[in-house]
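Work through the exercises below with the sequence and the model in view. Each task is followed by its solution in steps.

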Amino acid sequence: MKFAVKAWSSGKARAGVLQLGSCPGPIETPSLLLSTRKGLPHFIPPDLLYSLPSPDSHLFHVSSLHFLEGLSPQTISKIGGLHQMLGLPEHGFVCIPRDSIQCLPECNSSNKFGASFETPCGRRLIKPVEYVELISSLRPNIWTTLADEVPTWVSEKRNKTSVDRTIRWLDECIALNPAGGPVFGSIVGGCSVKERERCAQEAARRNLSGYWIGGFGLGESMDERPALLNAVTDILQEEKPRLITGLGLPEEILQGVAAGIDVFDSTYLCHLSLGGFALTFPLDGVEMNTSDNIGSDQTKINLRATVYRKDISPIVENCNCYTCKNHTKAYINHLLNVHEMLAQTLLEIHNTHHYIGFFRSVREAIKSGNFEQFRQKFVEGKCYHVAAEAAAACM
């Protein structure tokens with residue numbers, strides 16, 4: 001794995017290049033980490049993966065805890081790890097225990113021996129040695145160390161304990177790492193700036209390939225987040241990549257980019273597709289008409305709405321994704337109403353394509369030195385639209 005920062009905008013926002021041996025080309029950052037279930041996207045079949053923009057769509061987020069049931073670690077290792085088992089030799093896999101959909105941290109059951117998670121096969125306590133055994137069998141391109149993530153409402157004592165455990169497990173995972181591959185150190189600390197700084201300082205002292213900033217999306221507010229993010233990124237080495245989970249909304253992505261984060265997970269797209277929503281906010285070269293967007297907040301539309309029953313236009317005009325080139329809003333509305341899984345497949349293809357375009361626009365804004373203007377325009381546009389809707393509802 002190689003990483004280099006290529007451009008800075010005003011503040012900490014930065015654009016870089018991440019190179020993984022298995023990917024067909026370098027992946028530009030800030031970039032999207034596609035959410036998966038056992039290594040494959042939730043709804044997109046393997047034969048349609050290649051319709052997504054390359055190489056931006058070749059970075060997959062895998063939770064190793066998904067493999068606690070089914071094939072044993074020994075069998076997966078004999079097959080050749082994730083790349084061979086899934087038949088995706090040109091994709092990059094990043095293993096993180098938490099996936100924000102099925103494998104959620106359960107802080108009340110974690111103890112000094114391991115971290116507790118709610119998994120598809122029940123609540124499980126994962127010890128560092130068990131975790132590293134799973135990692136060694138999966139053979140991902142990048143993996144993060146085990147962490148004790150806690151929500152914002154825990155006590156100061158519990159928060160401090162979570163940092164102590166995460167630092168101890170960091171050393172244990174590094175010592176148990178059999179292949180010496182790229183390891184990202186975990187950084188937690190809840191809503192305490194002091195504990196975030198302490199954890200970041202300890203991680204920065206270790207010989208790591210990068211950093212995973214955990215514990216976000218667990219109760220902190222948008223107003224609290226900048227101070228917590230900046231407390232961490234101010235300490236970390238600039239030449240190493242930073243990865244984060246728990247930030248999904250476009251305005252949250254922009255908040256993370258402003259703090260110097262490079263890679264973001266994408267469970268937001270899975271939730272959108274499950275709910276029947278399609279992203280529609282404007283990108284370069286793509287125009288959007290919001291005058292009849294029922295259930296819209298200027299970023300997405302609800303294709304379950306009856307207004308789309310006879311709408312024979314694509315989700316977004318001039319969008320080059322497989323869904324928009326081949327299908328209409330009316331067809332997807334029909335699929336949703338008859339509970340066909342193809343609706344989620346088509347929505348996830350479009351939403352992934354659209355969000356990758358959003359990240360491309362973010363990178364271009366950074367390279368041109370206009371990131372803060374780009375961010376302000378995006379946030380103000382959404383706030384204006386929401387305020388206008390609220391005013392109309394009161395009339």
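**Exercise 1.** How many aromatic pairs does the count come to?

Solution. The model is predicted, so local features need pLDDT of at least 70, side-chain atom pairs count only at pLDDT 80 or more, and totals for chains, interfaces and linings use all residues. Residues are numbered from 1 along each chain as its sequence is written, and side-chain values use heavy atoms, with hydrogens and water left out. Rings of Phe, Tyr and Trp (its six-membered ring) pair if their centres lie within 6.5 Å; planes under 30 degrees apart are stacked, over 60 edge-to-face, and the rest tilted. By this rule there are 10 aromatic pairs.

**Exercise 2.** Describe the pairs that Y355 forms with F358 and F359.

Solution. 
Step 1. Y355 and F358 are stacked, with 5.5 Å between the centres and 15 degrees between the planes.
Step 2. Helices (H or I, at least four residues) and strands (E, at least two) are DSSP runs, numbered from the N terminus. Y355 and F358 are three residues apart in helix α11 (residues 342-367), so about one helical turn separates them.
Step 3. Buried means under 20% relative accessible area, exposed over 50%, and partly exposed in between (1.4 Å probe, protein chains only). Y355 is buried at 0%, and F358 is buried at 1%.
Step 4. Y355 and F359 pair edge-to-face, at 5.7 Å centre to centre and 85 degrees between the planes. These two residues lie four apart in α11, about one turn of the helix, and both are buried.
Step 5. One aromatic cluster is formed by F264, Y268, F281, Y355, F358, F359 and F378.

**Exercise 3.** Is strand β4 largely enclosed or open, and which strands pair with it?

Solution. 
Step 1. Six of the seven residues of β4 (residues 31-37) are buried, so the rest of the structure largely encloses this strand.
Step 2. Two strands pair if DSSP finds at least two bridges between them. Strand β15 (residues 263-265) runs parallel to β4 and is joined to it by three bridges; L33 is opposite D265 there.
Step 3. Strand β6 (residues 59-62) is also parallel to β4, over two bridges, and S35 faces H61.
Step 4. Strand β5 (residues 40-41) is antiparallel to β4, again over two bridges, with L40 as the bridge partner of R37. β4 and β5 make a hairpin with two residues between them, and K38 in the turn has a positive phi of about 55 degrees.

**Exercise 4.** Which residues of helix α8 are buried, and what covers them?

Solution. 
Step 1. In α8 (residues 267-275), the buried residues are T267, Y268, L269, C270, L272 and S273.
Step 2. Among the elements in contact (heavy atoms within 4.5 Å) that cover them are β4, β15 and α11.

**Exercise 5.** Which charged residues lie over the rings of F216 and F277?

Solution. A charge sits over a ring if NZ of Lys or CZ of Arg is within 6 Å of the ring centre and within 35 degrees of the ring normal. R196 lies over the face of F216, 4.3 Å from the ring centre. Over the ring of F277 sits the charged end of K300, at 5.7 Å from the centre.
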